[in-house]
Each structure stands twice: as structure tokens, then as C-alpha cells.
Amino acid sequence: MGHDAEHLERVRAQYDTAPYPRIPLHHAHSEDTAMLYLHNLMTPYYLRNQRVVSGAGKRILDAGCGSGFTSLALAQANPGARIVGIDLSERSVAVARERLAFHGFKSAEFHALPIERVGELGEDFDLINCDEVLYLLPDPGVGLAALTGALAPDGILRANLHSAYARAPVFRAQKFFQTLGLAGHRDEAEEIALARQTMERMNDGAQLKKDAWTPFASLHDDSEWYRMNYLLVGDKGFTIPETFAMLADCGLELVNMLLWPTWELRHWFKSGQPPPLVAAQIGKLTTAERLHLSELIHSSHRLIDFWCGHAGQSRHRDPMETWDAGDFAASVLHLHPQLATERLKQFLLDCLEAGEPFNFNQHMRVPYGDPIVIDGMEAALLPLWDGPQPYAEFERHWVRLAVRRTTVARPVFEHTARGELRRFVRRMESLAYLMVEPVG
Ligand SMILES: C[S@@+](CC[C@H](N)C(=O)[O-])C[C@H]1O[C@@H](n2cnc3c(N)ncnc32)[C@H](O)[C@@H]1O
């Protein structure tokens, strides 16, 4: 057996023994706004093209679907889409099929097929999700190239790689245990017990223990944690420059990082103000350079997690900071479908009744920045739940409500209220919570 084939065999054996993730079939994502928002095709498509697309009728591939937990999120976030999942491990595929059927997605299709051979499906996909997989491949570049070949011309591919910087302590632990003969060579339960005993017996001051054991105290009883970290077969780390080189080799370009606000370089300086050395450069840096500086300052991201698409698909868009009143007036507002839910509307109504502020970010588990609160103007938001709103009409409604709340002279206040609405829309739009589509 060649080295690559042997590698695939070891990875397959690991996931056949324990399909990942080990989450009960009945667990649904319906209340997990953040998970659905990230798996909704509309989110990256809007960020790239400033157009609202529906997932209905779209073809979605979960590449390396494991036990189908992400496939289910894709199905729930994109109603009416065709869902296909592939995985190296036959047992994982069987669990994924069962999971989707359990939730009523009976037409979802699953195949035991390595990513490297995705072309055998003979199909193009509008959205490909490849979560927590590429870093396991013998050559992630080969896998990424295969996925690129299965991506529709304006399709979006979400993939991720382990960060060489953030995961360095775990790579050291892997090397340590491999050198001692663990990682797929004995019975797994025995390997986990031996690894655990070894870490417990290590001096608390030992660097490996401080970096790769103590911070994960809450997981020391979880066998999946050992499997996915110390004993993971084929794991590799990458940097931002390496990731961008891989994208360029495949003719792909970045759409955005999944948790993009947390990669902001400014974020790492006091009061968000970069010092002169950085400020002088920031405007001249490429996206890859900015992200690289960010990972060098603070490698908090275990994953380099990104959306990308074929090069040349990004639509040139005037930044909203440069929009004038006319641009706003000629647009339509769509509340992101993952926020336009009955559950969130009820939450807003409860806030209104209790006189409490409503914060959109409270519903996003992932850190998309400061609270988005519109103190006292909550009632003005309600029409967003009724469907797309022509901006001009929404603004009239907003101003009418704002005027009722003030004693300031009407024309002055109307002007202020319009400005406030534009600020709110810009902030919401930058996160695709509100999608602002130019008319025509
Ligand atoms: C960590 S799990 C991720 C599962 C799922 N994507 C998720 O995030 O929940 C990695 C999965 O990738 C699969 N895998 C690894 N190498 C693969 C390859 N070359 N082709 C297809 N699947 C592969 C494994 O079998 C495993 O199910």
C-alpha cells in the first residue's frame, strides 16, 4: 500500500470506530441561530455579491460529513436544497443518513467516497461545506483542488485548516504520544487511559502540561476529546500564508473568514487604535497580510475557517460608508432568515413589553462584536419580520416612531433619526444580519 493509501486507511479506521461528532440523532439545530446562520448559503453569498439568494433548489455538498451533524445544519438552514454528503468512513455515512432521515430529510443522499474522488459524483454544487476535514488529508491541496472542480461557477466553498500557531501545544502532545507508540496502535480505550495517566503524572510546571492539558480540564473525562486531539491521526497545522497559497493554486479567492470580526487587526490594540507603525501600513496591506499579522499577534483561532469561491466572482461593491441618501432610498432591506424567526420576534415583543433593550447579538453564540442595541426604537423593527421592506418605506415608519419620542423641533429631529437609522443599517449589514439589496 502506498503512503497516501495507508494514511487514508488509518483515518478511515479511526472514524469507522467512532463516527464524529458523537451527538444523539434527535439533537436538532432549530434553536441554534448562529449555527444556522453560518450554514445558510445566503450569508456568504450576500457578503460576496450583495444579492439575496434562496437555498431552495440549490445543490449542497457536505464533504467529509462525518455523522451528519453539519449536514443537518445545512438542510435546516437551506430549506428546499438538495443535500449530498460524502465521507471516507462508511459507518459515518450510515449514521449521517439515519440522522437526516430522523429529521425528515429523507431525500438527502450519502456516499462513502473520499474527497479526492468527489468528481465521481458527476455534479456541481452551489455550496460545499468541508468542516474539520482538510487537515486530515494526506495532501489538503489535492482535496481542495478536487472540491474546486465540483464547485459551480458562482458557488461558495467553506473549508478550514488547523492553525499551526494556535494548535502548537496539541501537535506537541501528538508527537509525544506517537513517539511513545500511541495513536492507532493499540485498543483505543487503553490508549486514552494511558494518555490520561501520563498527563496526570506529569509535573504541573511542565510546559506541555501547562499548554496542552491544564487549560482543557473540563474535557479530561471526554474520550472524544483525546481522540480528536492527542490521538488524532493525520492532523496537520497551517498558517495564513500557506492557506492563501493553497487557495491561489486552486484558482480560488477568499470571500471572508467565518468569524471575521474576531480577525480584525485593530481589535488587538488598546481602544481599537493601532499605533503609528501599524496604522501607517494597514491601508496598504493585502487581506492575507492583515490576517497573518492578526494570527501572529494572537493565535486564538484553532481553525483558519473561511468561505471562498472561484476567482473573479466577487462583485465590486461601493462600501456602504460611501452611500448617500439616494443609494439608501433605492434599496430593499431583508432581515436574515435565521433572525427572521417567530422565536426572535417573540423575544422582541417580550422586550417591548418589559421595556428592555433588544440585542441582536445576544442570539449569536459566536462573537460578532459589541451588542447591537437600538435603545427605544425596538418597535420600529417589527415590519422586518413581515418580509422585505423598501428602504424609503421603512425609513418613514422609523422616523414617525422616532418623532413621537421627542420634544426636539421636528425637522431637526427627523434628520437625526434618518442618520441613526443609516448607522444601524450599516452595522447590521456589515454582519449580513440585514441584507440591503440595491433595486434594479
Ligand atoms: C472531524 S470529522 C468532521 C465531521 C463533520 N464535517 C463535522 O464537522 O462534524 C472528519 C471527517 O472527515 C472524514 N475524512 C477524513 N479524510 C477524508 C477524505 N480523504 N475524504 C472524505 N472524508 C474524509 C473522516 O472520516 C471524518 O468523518
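Threonine 243 is buried, with a relative accessible area of 2%; buried denotes under 20% relative accessible area, exposed over 50%, and partly exposed the range in between (1.4 Å probe, protein chains only). The structure is a predicted model, in which local features need pLDDT of at least 70 and side-chain atom pairs count only at pLDDT 80 or more, while totals for chains, interfaces and linings use all residues. Residues are numbered from 1 along each chain as its sequence is written, and side-chain values use heavy atoms, with hydrogens and water left out.

**Exercise 1.** Describe the surroundings of threonine 243.

*Solution.* 
Step 1: Threonine 243 belongs to helix α11 (residues 240-249); helices (H or I, at least four residues) and strands (E, at least two) are DSSP runs numbered from the N terminus.
Step 2: Not counting residues up to four places away in sequence, threonine 243 touches Leu161, Phe238, Ile304 and Phe306, where contact requires heavy atoms within 4.5 Å.
Step 3: A polar atom of the threonine 243 side chain lies 2.8 Å from the backbone oxygen of threonine 239.

**Exercise 2.** Characterise the interface of domain 1 and domain 2.

*Solution.* 
Step 1: The domain assignment, automatic or from a database, gives domain 1 (3-165 + 235-259 + 301-310), domain 2 (168-228) and domain 3 (320-438).
Step 2: The C-alpha centres of domain 1 and domain 2 are 28 Å apart. Domain 1 gives 15 residues to the contact and domain 2 gives eleven residues.
Step 3: About 1000 Å² is buried between domain 1 and domain 2, with 47% from carbon and sulfur atoms; this is the accessible area (1.4 Å probe) that two parts lose on being put together, summed over both. Within domain 1, Tyr20, Arg22 and Asp235 lose the most area to domain 2, together 41% of what that side buries.
Step 4: One salt bridge is counted between domain 1 and domain 2, the criterion being a side-chain nitrogen of Lys or Arg within 4 Å of a carboxyl oxygen of Asp or Glu. The side chains of arginine 22 and aspartate 222 form a salt bridge at 3.1 Å, N to O.

**Exercise 3.** Is arginine 196 buried, partly exposed or exposed, and which residues does it touch?

*Solution.* 
Step 1: Arginine 196 is located in helix α8 (residues 188-201).
Step 2: Because its relative accessibility is 25%, arginine 196 counts as partly exposed.
Step 3: Arginine 196 touches Trp213, His220, Asp221 and Tyr226, not counting residues up to four places away in sequence.
Step 4: The C-alpha atoms of arginine 196 and aspartate 221 are separated by 9.1 Å, and these residues are 25 residues apart along the chain.

Definitions and conventions:
A polar contact is a pair of N or O atoms within 3.5 Å; within protein, one must be able to donate a hydrogen and the other to accept it, and residues adjacent in sequence count only if both atoms are side-chain atoms.
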